[in-house]
Amino acid sequence: MFRRWWRRRRRREADANLTIEGECNQCGACCAQVLLVSGDRPVKSHRAFRRLVRRHPDYAMFRPVDRNGRGELRFTCDNLAADGRCTIHDRRPPLCRDYPSVAMARAGGELPAECSYRVVPLRDFRSLLEAARSSDRRSRPGSG
């Protein structure tokens, strides 16, 4: 129980330290190199993908094309036109509307090199570490 709580707490803190900057340049690379996540884990097998589609029918528009360096399946979208634009842009599902997201970055998803979005930390690692150390000192019995 504590372990689960601790993971959620760390995840919220990590999410709070990240932001997405930039605007869509309509390159289409994000739709040609999609990393799908089921729960908190990237989809690694065709079987896991079929289960995901049964739970979320919108995902049927994706087709596995290859694997990344970590063995996770990469997908392309069947609605991607030859010019890199979405053919269902006005009615695209939430997964597409919410791209890119901090949750995607946390799950290990990477932005394609062509993408003009960037995942940016709000504070650098050193300031986060100092804040954590300071918090730990204040929470110790007998301090303060």
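**Figure 1. Overview of the predicted protein chain, with its 6 helices and 6 strands.** This is a predicted model, in which local features need pLDDT of at least 70 and side-chain atom pairs count only at pLDDT 80 or more, while totals for chains, interfaces and linings use all residues. Residues are numbered from 1 along each chain as its sequence is written, and side-chain values use heavy atoms, with hydrogens and water left out. Read from the N terminus, the elements follow the order α-β-α-β-β-α-β-β-α-α-β-α, where helices (H or I, at least four residues) and strands (E, at least two) are DSSP runs numbered from the N terminus. Of the 144 residues, 22% count as buried, a term that stands for under 20% relative accessible area, with exposed meaning over 50% and partly exposed in between (1.4 Å probe, protein chains only). Among contacts between residues at least 6 apart in sequence, 61% join residues at least 24 apart, a contact being heavy atoms within 4.5 Å.

**Figure 2. The largest pocket and its lining of 47 residues.** The volume of this pocket is about 1,200 Å³. On a 1 Å grid over the protein atoms alone, a pocket is an open set of points where a 1.4 Å probe fits, with protein on both sides within 12 Å along at least five of seven lines, and lining residues have an atom within 4 Å of a point; grid points are joined across faces, edges and corners, and the volume is the space filled by probe spheres set on the points. C30, L95, C96, Y99 and M104 are the lining residues that lie nearest the centre of the pocket. Two or more lining residues come from each of α2 (29-32), β5 (73-77), α4 (94-97) and α5 (102-106), and α4 gives the largest share, 4 residues. The lining divides into 25 nonpolar, 13 polar and 9 charged residues, with Ala, Val, Leu, Ile, Met, Phe, Trp, Tyr, Cys and Pro counted as nonpolar, Asp, Glu, Lys and Arg as charged, and the others, Gly among them, as polar.

**Figure 3. Strand β5 and its antiparallel partner, β4.** β4 (residues 62-67) and β5 pair over 5 bridges, two strands being paired if DSSP finds at least two bridges between them. R67 has L73 in β5 as its bridge partner, and in the hairpin, where 5 residues lie between the strands, G71 takes a positive phi near 85°. β5 is mostly covered, with 4 of its 5 residues buried.

**Figure 4. The tilted aromatic pair of F49 and F75.** The ring centres are 4.7 Å apart, with 45° between the planes; rings of Phe, Tyr and Trp (its six-membered ring) pair if their centres lie within 6.5 Å, and planes under 30 degrees apart count as stacked, over 60 as edge-to-face and the rest as tilted. F49 in helix α3 (residues 46-55) and F75 in strand β5 are 26 residues apart, so the pair links distant parts of the chain. F49 counts as buried because its relative accessibility is 10%, and F75 counts as buried because its value is 0%.

**Figure 5. P93 and N79 in the loop between β5 and α4.** P93 is buried at 9% relative accessibility and, leaving aside neighbours within four places in sequence, is in contact with D58, M61 and I88. N79 is buried at 17% and, not counting residues up to four places away, touches M61, R85, C86, T87 and I88.
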